[in-house]
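Reader: I am new to this structure. Please take one part and look at it closely, then show me how other parts pack.

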Amino acid sequence: MPIALGNQVPNDTSENKLQNTCCHCGEDIGGVQIFIDKKAFCCQGCKMVYEILNANDLANYYQIEQQAGISLKGLKRERYTWLEDEEIVSKLIDFQDDKITKVTFLLPQIHCASCIWLLENLYKLNDGILHSKVNFLKKEAYLTFDNQKVNLRKTVELLALIGYPPSINLNNLEESQKAKATDRTFQYQLGIAGFAFGNIMLLSFPEYLGLADVVFQKWFGYLNLLIALPVLLYSGRDYLQSAWYGLRQSDLNIDVPISLGILTLFGRSAFEVLTHTGAGYFDSLAGLIFFLLIGKWFQQQTYHRLSFERDYKSYFPIAAAVKRNGIEQSVTLNNLNIGDTVIIRHKELIPADGILLRGNARIDYSFVTGESDPVRKTIGDKIFAGGRQVANVIEVTLTKKVSQSYLTQLWNEDAFQKEDSPNASRLANKVGKRFTYFILFIAFATLFYWLPHDTGLAVNAFTAVLIIACPCAVALSIPFTFGNAIRLLAKQNFYLKNTQVIENLSKVDTIIFDKTGTITDASKTDIHYQGEALSDAEKVAIRSLVQQSAHPVSRQIDAYFGKYDIVEVVDFEEITGQGIRGFAKGFFIQIERHKTGTSLQINGNQKGVFTLQNSYRTGLSELISSWRDHYQLYLLSGDNDRERAHLESDFEASNLHFQQSPKDKLEFIQQLQAQGKNVLMLGDGLNDAGALRQSDVGIVIAENTNNFTPACDAVVDAKQFAQLNKFIAFAKGNVKLVYFAYLLAFIYNIIGLSFAVQGLLSPVIAAILMPLSSVTIVAFGVLGSGWLGVRGNKK
Amino acid sequence: MKIIFLLIIVSLFIALGFLAAFFWAVKSGQYDDEYTPSVRMLFDDKPMETPEKKK
């Protein structure tokens, strides 16, 4: 179960701030007084981790990076009892024999060099851990442990104890084992192409320099053919395959003219070498494939740590506590049956739809429905999956299976069935299609022009046209331009799934906003106090009281009176769903839920009310006003319409839609698309998952990019929300760049074709012209998008 | 002039050696993680005596 942590990036460690921040995690210590070795800590959890590390000679952790630790505040100690279940264990581990077990954990909390150091020194904490290795970018740790000394549960508990709870969820259970094996085919392909390119050029030197030595020319020709064979059949395999699939579906994608060029290059070269009529164009062939693969590699440099494919399975836990025959046992979610009674504790997730059997339910559906307040349920009420229980233990009798629940059913919609191929660029394919017709036309025109005069020359010119017109520059333009753009955007904390997203972004004409968590800051609701003025002593008393409660409103009142001291509280009482009361500093304070907000009574007298207001993200109005003239803007909220009046200043009243279910949102987008709109969806939670998937571009706003985000095309850090208009303008600029690059490629092609149609294309001209055009296109794309990025930042 | 041809053949075999070395490197997983080793090599075996200067 992913656990949201407030602070993962250490705060800045300026000199004077240091005394007030926790020595472990760098959070503000507030009024808390926990000291050890003259070092301050914000909570007992941080202190404990410090003690453990110190006792085990691991204090180095704090010296590699200042305040490297992870705040343990609000972190629930999860009970990993289900990790002793053989079936679950066997699915999680990579390898096991009599002595050792190997396992891979995803540790979302990994964020700095200290993390790597600590996790790779785990053996000092527990001698059962034999070996541990971290992959920082993937945020994974590979552990080997001794079966005799520890088990999986103990290992996970150890990691959780020092602040790195592994993310284990329903998805892990269903992942196939083979997916874990890393695919290194691409590296081999690139290596072979590079090797062949260099060596074929070397072997072609005599040819370039005109050092004609008939015997050697013959043998070098054979060698070239031998070296070029694996390039064609192994390195260039993907292009040939893609072209073949495209042709079978009568779809002329960009790989068709490329494959045509590759095959003609190889065929003609092989013919020349075998008949001793020439040296062939093997150098151009190897160079072409090498450049194409480099482009692919440049484009593929994605951000491992972000997953864009997550569905509810990554959000749901792996097991639930089920009461069978009066005994509590943990059962994996896919083995839960209708009629099972599930025990759900504080902060746990409801795995499937059911009916409340026992206990006080206050369920936070904010992630599922967008409703910002927790919902109260009484015994006999229906409870929907995906909500998080925020009060005490409840028991729920299931009425649906996990995959058939109200929320999870969304994933059965058609929108989730469509598979998109990540590398196929629609723009390139569109161009590729016209290009193919154009080349074929010229090639055949040349063929038929020369045929009556000279058969040999006709074939020569025909193949030369196919070779020189091979749209490698077109194929390279998108990977390099967009690949660089993705990288620049990632530096600004805007992470795109692949280069296709840039094209799609440039076409968007309709933008849909979700409310809760997207345009409002879910973590920050403003609280206001209205009523009689309070004395300092009263404020101290109020803060001391709310300190005792974990309720979100209490936490906010606590923050509101943050600068006041904390004193002892007597007779503290928290009535779930109603409020808190107690004595502090001689005042009897009652803070209760009220129709309009939260009421405050001191010694029985009504003093005032605290009202909560959603806090809109900074820059929202500017963002909307910059978009209003260019896009159609809508707001789809799962919440009620109490903030309609406020939102009408930014949106047209008819474009505001409230109380939208996840399915409503999806259907709303489908309707817009049916009208021919290109829709951009901005969302954040599971309730937007369907809409994000259905939309042309789905962008998730994430407070913390390490936490769960539903499947989408792009993730933007909430801090960069106000920059979104710049990002989209940047994407549009890059698409224009690609069109310019195509123009350049076209000019090169005209030059090349003018040689080719006359039958004058010698291997040397091809060997110069093809890399030259590729290099200029690549340089143009990379420098151009870099310049756009600098210009965009200055604006 | 013949010596050029000989040298080219020799260099081809050297290049094959490098290709084999590259394959071995890929196979042993050296390209699976291109970032962590750059951090790992900076760790000392013994805890540092004085904390690093703050930025």
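Author: Nine of the 11 residues of helix 19 (residues 536-546) of chain A are buried, so this helix is largely enclosed by the rest of the structure. Buried means under 20% relative accessible area, with exposed over 50% and partly exposed in between (1.4 Å probe, protein chains only). The buried residues of helix 19 of chain A are Glu538(A), Lys539(A), Val540(A), Ala541(A), Ile542(A), Arg543(A), Ser544(A), Leu545(A) and Val546(A). Helices here are DSSP runs (H or I, at least four residues), strands likewise (E, at least two), numbered from the N terminus.

This is a predicted model: local features need pLDDT of at least 70, side-chain atom pairs count only at pLDDT 80 or more, and totals for chains, interfaces and linings use all residues. Residues are numbered from 1 along each chain as its sequence is written, chains are lettered from A and ligands numbered from 1 in the order in which they are written, and side-chain values use heavy atoms, leaving out hydrogens and water.

Now the whole chain. Chain A has 26 helices and 28 strands. Of its 795 residues, 55% are buried. Among contacts (heavy atoms within 4.5 Å) in chain A with a separation of 6 or more, 68% join residues 24 or more positions apart. Chain A exposes about 34600 Å² (Shrake-Rupley method, 1.4 Å probe). Carbon and sulfur atoms supply 55% of that area.

Next, helix pairs. Two packed helices are described by the angle between their axes and the distance between the axes. Axes are lines fitted to C-alpha atoms, for helices over the stretch in contact, and angles run from 0 to 180 degrees between N-to-C directions.

Take helix 14 (residues 426-450) and helix 15 (residues 455-468) of chain A. Their axes come within 8 Å and cross at roughly 170°. That makes helix 14 of chain A roughly antiparallel (over 145 degrees) to helix 15 of chain A. Helix 14 of chain A contributes residues including Phe444(A) and Trp450(A), and helix 15 of chain A residues including Phe462(A) and Leu466(A). The contact residues divide into 13 nonpolar, one polar and no charged.

Helix 16 (residues 472-491) and helix 25 (residues 724-757) of chain A pack at about 160°, with axes 9 Å apart. That makes helix 16 of chain A roughly antiparallel to helix 25 of chain A. Phe482(A) of helix 16 and Tyr742(A) of helix 25 are among the residues in contact. This contact divides into 15 nonpolar, three polar and no charged residues. Nonpolar here covers Ala, Val, Leu, Ile, Met, Phe, Trp, Tyr, Cys and Pro; charged covers Asp, Glu, Lys and Arg; the others, Gly among them, are polar.

Methods. Angles under 35 degrees count as roughly parallel, over 145 as roughly antiparallel, 65 to 115 as roughly perpendicular and the rest as oblique.
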